[in-house]
Amino acid sequence: MSEPVTEQLIEITLRVNGVPRTAAAPARRLLSDFLRHDLGLTGTHVGCEHGVCGACTVLLDGDPVRSCLLFAVTARGHEITTIEGIGDDPAALSPVQQAFVECHGLQCGFCTPGFVTTITAYLDEHPDPTPEQAREAVSGNLCRCTGYQNIVRSVLRAAEIRRERAGGDDR
Amino acid sequence: MSTRQVGEKVQRVEDPRLLTGNGRYLDDLGQGALQAAFVRSPHAHARITDIDVTDALDVDGVEGIYTYEDLDGRTGETLPVLIPHPSLTHPRTGHCLARDVVKHVGEAVVMVVARDRYLAEDACARIRVSYEPLPVVVGVEQARSGGHRVHDDVPDNVAAHLVQEVGDVEAALAAAPNTLTLELDIERSASMPLEGKGVYARWDTDDGSLRLYSSTQTSTGVRAAVAAKLGMPLAKVEVVTPDVGGGFGVKIVHPWPEEVLVPWAARRLGRDVKWTEDRREHFVSSSHERGQLQQVTVGFDDDGRLLGLDVRFWHDNGAYTPYGVIVPIITATQLLGPYKPGAYRVEWWSLYTNTVLVTPYRGAGRPQGCYAMERTMDAIAAHLGLDRAEVRSRNFIQPEEMPYDQGLMFQDGRPLRYDSGDFPASLAKLKALVGWDDFAAYRALAEREGRRVGIGIGCYVEGTGVGPYEGGVVQVETSGRVNVATGLTTQGQSHQTAFAQIVADELGVPMADVHVTTGDTRRMAYAVGTFASRGAVMSGNAVALAARVVRAKALRIAADALEVSPDDLDIADGVIAVKGAPGTSIDLKTVAVLSNPLRYAFDTSAQAATQFAGTFDPEKPPVADDDEPGLEGQDFYSPTQATFANGMHAAVVETDPVTAEIRILRYCVVHDCGTMVNPMVVEGQVHGGVAQGVGGALYERMVYDESGQLLNASFMDFLMPYATEVPHIETDHLETPSPLNPLGIKGAGEAGTIPVTAVIASALEDAEGFPIRSMPISPSELWELRLAHASDTAAPQEGSP
């Protein structure tokens, strides 16, 4: 129990938002910490570190996962999409991001990246949800500010914006 | 863009940044800083007999390990009692690191600073602390029974005791034709922001100064407290509040031990140090609220009018009282809601327990007070067989009675005097919104389908916008950019938008030109903080007043330049023009140039302010005796008393006849916060408040076992509502402007939370037909109540003596 503790670092390369990124980290580094602290992508937030709140949700090959429940090394060979990959330019928002602005879908903004990634993936597969389906779609993420009503509206509005943009109206 | 912004549903300025990963929360800062972790007490009450750190010294990357013995100067003294009060005869606060004895699970004992958090936690795991367990006090019942003591020198665990009385309650009760006594119970919950606390200290070894970032609700409070603790001049300490991931009250407490220890270690090590609270730490070492036992005796006439109200309650304040007795004071005063109580006496005890300390959480004692009063209203209606809304209506303070003085002292040390409100109008709106008068028909229909439904109601008054003050600075740059600063902090309240709306209107500039900074002591050193639904009231009015100072100065300079009277000028869209002659005008940004006489032109526009440009009176100094350079103004808003917002909620619930599952079918809110700066934001605040209220009514509780262990200290076990638990919320608004401030604003932040527990209890009682006296309530508890009432004899009957 009293032998010196030193950590072995591993070169970890992941494809993040379409770009190969490499950093040296120990095997136990959580994906959430790796993204935030080793790659500097601080848009992914950590709310509970036990997989319940969903603030750290990123897309792994397009599917939402809790990055606090994965080791960075296990994500090797997979494509990771963070909130920055959904859209990192405040002047060029994705449909989901734009919908959140229009519907007041966020207050403090801490849980928001997890909702945006979750909803983005959901709408890819369910482009025209009912209000009930929209509520169900966000029911795995915690928000302490909004009471969810405007997040549900944001899901529905985002679906509209996607259709508007697909229809050639690119604004 | 010259359309009025205040009152419009303006989209939020902060959103694009926060939505694209460009927010900067505490843990996003200080990449590369050393990281702190803590060894915390696993015991609720124990004497520390030994701390052995030997094994931890071997962990690679450890830079420092500290215990109480290492704390020097004032860092070793107890933490401050932030709000002393005469009733608080036995205030007790902890140390930054436990000294000799721990009083609750989670209290910090050892601090480790290491290269990263993983290594710091490795070291923590290797530190062996030996404890001698002491007797534990958990819960109000045990605390007031006076057996064991939390603090050796506090008899009966009573931190504070207060009696307030208006009129002669005993005589009123003795003379009342009807009296009832209710025993009530409400459990703990907690603010539980998605982002926990966090502190990041940047120590500048070159000039011995500190920049401290904290996820706080008061940057000026933290600055003063940290400077005092570290023995530093205020001038060498600045506190910056980054984006904050929710507060809800817990982050108004300061300094948290970590807010002292992190900068202390940074100074000691000459390195940047950061600490980010994890979720378990937040559960066991931040704060909780709500837990009270209450006893209400009420006397009333045969029409249901209150004659006398005698309330006693016992408040669980946890192990320490750094925030004083604000929560029980608010319960005791705001319990009265929109009603005239007749004679009123309230007596309360604030009690120590070996649990996490109790400080304000959204609502701050009001949910408990509202619960007591509204349960009482329902009990009166049931006793007399009257409509519950009608009983409330008969006890309302009438609009023509405003301002109405309840005769008590409020939490700000000033009179509990309601400034305005129209309670009958609010009730009429609520009844229309929820369909109160049609509910009997709905119930009958539901019963025919084998369904069990009930409707509930709750009314509240919320003192908002307490002082002492907030300030605003408005500065126009020569580019036309308008910088606005106010000292209170932001944790989701849309201040960057709302304050920009106000300044845009007051100054006559486009919203897009206005940039708001909050919670940064470099920009505004005088401030109080964000709590008590005071942000819009206090800083909204402060920035408005500051903008008016700037406007007056701009008009004066423009009048000189245009050779007209200031009275003939108006500002719109950043242009100052003669009224009726828009061709005669000057840009506000040009006025900004002229406001600051220059020797050196830094660009071509600045040439207009240099000494050989234009004409001037050589007998006068470039800056007049009573003037200052720059198009800038500052002002403070400091009210004589709080404003009083109010609202009424109603809910329709359905309970499963077999499983006792509880569903909220409809939730309706009528809210009056005076003039709304941004109705979209107000609505959002109401939604969020109701959601937290639903959590407190049906799901959230802090489960302590008899040894003081918090058994549900995770999001797996503490049931915060998801989208599937929060009903769709229907809202309607009244706008009764406050006569107390220039903008007519009352606060809106906490309102949504206040009556929810009372409303759900009311609706469940209506659905089930027996009294609900303990909240929150789970389906299994409701099921047990059904069994008890089916066998009839179980619950004590309430009725006239």
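This is a predicted model: local features need pLDDT of at least 70, side-chain atom pairs count only at pLDDT 80 or more; totals for chains, interfaces and linings use all residues.
**Entry 1: helices 8 and 9, chain B**

I started where Ile330(B), Thr331(B) and Gln334(B) of helix 8 of chain B meet Arg366(B), Gln368(B) and Gly369(B) of helix 9 of chain B. For contact I used C-beta atoms, placed from the backbone, within 7 Å of each other. Helices here are DSSP runs of H or I with at least four residues, strands are runs of E with at least two, and both are numbered from the N terminus. By class, I got one nonpolar, four polar and one charged residue in this contact. Nonpolar covers Ala, Val, Leu, Ile, Met, Phe, Trp, Tyr, Cys and Pro, charged covers Asp, Glu, Lys and Arg, and the others, Gly among them, are polar.

Residues are numbered from 1 along each chain as its sequence is written, and chains are lettered from A and ligands numbered from 1 in the order in which they are written.

Next I checked the geometry. The axes of helix 8 and helix 9 (residues 366–384) of chain B come within 7 Å and cross at roughly 30 degrees. Axes are lines fitted to C-alpha atoms, for helices over the stretch in contact, with angles from 0 to 180 degrees between N-to-C directions.

Is helix 8 (residues 326–334) of chain B mostly covered or mostly exposed? It is mostly covered, with nine of its nine residues buried. Buried means 20 or more other C-beta atoms within 10 Å of the residue's own, exposed means 12 or fewer, and partly exposed is in between, with C-beta atoms placed from the backbone.

**Entry 2: helices 13 and 14, chain B**

Helix 13 (residues 495–507) and helix 14 (residues 535–562) of chain B pack at about 30 degrees, their axes 9 Å apart. This crossing is right-handed. On helix 13 of chain B the contact residues include Phe499(B) and Ile502(B), and on helix 14 of chain B they include Gly540(B) and Val543(B).

**Entry 3: strands, chain B**

I looked at strand 5 (residues 108–114) of chain B. Seven of its seven residues are buried, so the rest of the structure largely encloses this strand. Strand 1 (residues 34–40) of chain B runs antiparallel to strand 5 of chain B and is joined to it by six bridges; two strands count as paired if DSSP finds at least two bridges between them. Strand 3 (residues 62–66) of chain B is also antiparallel to strand 5 of chain B, with four bridges. Which residue of strand 5 is the bridge partner of Phe38(B)? That is Met111(B), and Tyr66(B) stands opposite Met111(B) too.

I also found an open, antiparallel sheet of three strands in the order 4-2-6 in chain B. Strand 4 (101–102) and strand 6 (128–133) of chain B are at the edges with a single partner strand each, so one side of each has no neighbour in the sheet.

**Entry 4: the two chains**

How many residues does each chain give to the contact? Chain A gives 55 and chain B gives 48.

How values were computed
Two residues are in contact if their C-beta atoms, placed from the backbone, lie within 7 Å. A crossing is left-handed if the near helix is turned anticlockwise from the far one by less than a right angle, and right-handed if clockwise.
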